[in-house]
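Please look over the aromatic rings and the charged side chains around them in the model shown here. The briefing below is grouped by topic.

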Amino acid sequence: MSVMRRKHLNRLDFSSVESASVPDELYEICKDILDHPEFQALKNRVHHHTSNVYCHLIRAAKAALIICRHRGYPQKMTSEIVRAALLHDFCDFDWRLTRQNKKSWTLGERIHRQYVYHHGKNAAKNARKVFNINDRQFMAIKSHMFPAGWPRDIYGWIVQMSDKIATYYECTVNPINKHNNLE
């Protein structure tokens, strides 16, 4: 087998992440989350200026599913990682609303209130409260904002990598919001 052919076999294809449509396999793994009213409400929250939180989470979950399939992980592990990726930004607040009194904050308050440092923990707590996630999923969600959070295991690394892949598509490939596909 030639070197070129081997490279092609090992290449991951994330092109499906560009669209925020929900494939059947993802729906089967996460239907309780996807149909939940609190999760559906994320369609109304802006994310990365060009998308919404709902579509961002769909893209991240699709990226996690692609990575898990490529690595050949067992179905149970794949399901847990994909569900964690789907919930990694499941916060019960909009970080843009916390900026209103920013001018009066001290330097310590500015650092403490930075979104990257606390939204992972908030999302993990909210996901545990609403969807009863396990400890590995909780830690993966809590630590997904690398380098602000440092993933402890493969669950965390895949969730943070999936977040970065989804963000990449939203900010570069899809900067004009043409692939949210919200029927």
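What follows covers aromatic pairs, charges over rings and one lysine.

This is a predicted model, in which local features need pLDDT of at least 70 and side-chain atom pairs count only at pLDDT 80 or more, while totals for chains, interfaces and linings use all residues. Residues are numbered from 1 along each chain as its sequence is written, and side-chain values use heavy atoms, with hydrogens and water left out.

**Aromatic pairs**
- The structure holds five aromatic pairs (rings of Phe, Tyr and Trp, the last by its six-membered ring, with centres within 6.5 Å; planes under 30 degrees apart count as stacked, over 60 as edge-to-face and the rest as tilted).
- Phe 90 and Phe 131 form a tilted pair, because their ring centres are 5.4 Å apart and their planes stand at 55°.
- This pair links distant parts of the chain, 41 residues apart, with Phe 90 in the loop between helix 5 (75–86) and helix 6 (107–112) and Phe 131 in helix 7 (residues 115–131); helices are DSSP runs (H or I, at least four residues), numbered from the N terminus.
- Phe 90 is buried at 1% relative accessibility, and Phe 131 is buried at 10% (buried means under 20% relative accessible area, exposed over 50%, partly exposed in between, with a 1.4 Å probe and protein chains only).
- Phe 39, Tyr 54, Phe 90 and Phe 131 form one aromatic cluster.

**Charges over rings**
- The charged end of Lys 43 sits over the ring of Tyr 54, 4.8 Å from its centre (NZ of Lys or CZ of Arg within 6 Å of the ring centre and within 35 degrees of the ring normal).
- Arg 128 lies over the face of Phe 138, 4.3 Å from the ring centre.

**Lys 164**
- Lys 164 lies in helix 9 (residues 154–173) and is partly exposed, at 33% relative accessibility.

Definitions and conventions. Helix = DSSP H or I, 4+ residues; strand = E, 2+ residues; numbered from the N terminus.
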